[in-house]
Amino acid sequence: MDLVRAKVPGATIDFKVDMDRQKIIDGFTKPLDDSVARKEWGWKCQYDQQRIVDDFLKEIRLHPQRYA
């Protein structure tokens with residue numbers, strides 16, 4: 001939340017957990033071992049938390065009706 005507030009001072013952030021959706025999400029949020037991809041392909045993650053926040057804020061500006 002601090003990353004969002006740094007970009008949007010005074011932002012109010014709240015949400016309600018949809019337990020049915022949360023069960024689905026819990027099923028695919030287990031850590032992945034990407035060590036072979038890093039070793040063999042030189043793969044590395046291009047998204048950090050700041051980039052995720054920036055992309056999401058852009059999405060909200062482009063499609064505010066989805067987040068009302």
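Buried means under 20% relative accessible area, exposed means over 50%, and partly exposed covers what lies in between (1.4 Å probe, protein chains only). By that scale Asp34 is partly exposed, because its relative accessible area is 26%. The model shown above is predicted, so local features need pLDDT of at least 70 and side-chain atom pairs count only at pLDDT 80 or more, while totals for chains, interfaces and linings use all residues. Residues are numbered from 1 along each chain as its sequence is written, and side-chain values use heavy atoms, with hydrogens and water left out.

**Confidence**
- The chain has a mean pLDDT (the predictor's confidence in each residue, from 0 to 100) of 90, and 100% of its residues reach 70 or more.
- Confidence is lowest in helix 1, at a mean of 89, and highest in helix 3 (residues 35-41), at 96; helices here are DSSP runs (H or I, at least four residues), numbered from the N terminus.

**Salt bridges**
- There are 4 salt bridges in the structure, each being a side-chain nitrogen of Lys or Arg within 4 Å of a carboxyl oxygen of Asp or Glu.
- Lys7 and Asp54 form one of them, at 3.4 Å from N to O; this pair links distant parts of the chain, with Lys7 in helix 1 and Asp54 in helix 4, 47 residues apart.
- Lys7 is partly exposed at 46% relative accessibility, and Asp54 is partly exposed at 27%.
- Asp34 pairs with Arg38, their closest N and O atoms being 3.0 Å apart, and Arg38 is partly exposed at 40%.
- Glu59 meets Arg66 at 2.8 Å, N to O; Glu59 is partly exposed at 21%, whereas Arg66 is exposed at 53%.

**Aromatic rings**
- The structure holds 1 aromatic pair (ring centres of Phe, Tyr or Trp, the last by its six-membered ring, within 6.5 Å; planes under 30 degrees apart are stacked, over 60 edge-to-face, the rest tilted).
- Phe56 and Tyr67 make this edge-to-face pair, 5.3 Å centre to centre with 85 degrees between the planes.
- Phe56 sits in helix 4 (residues 49-62) and Tyr67 in the segment after helix 4, 11 residues apart.
- Arg51 places its charged end over the ring of Tyr47, 4.0 Å from the ring centre (the cut-offs are NZ of Lys or CZ of Arg within 6 Å of the centre and within 35 degrees of the ring normal).

Definitions and conventions
Helix = DSSP H or I, 4+ residues; strand = E, 2+ residues; numbered from the N terminus.
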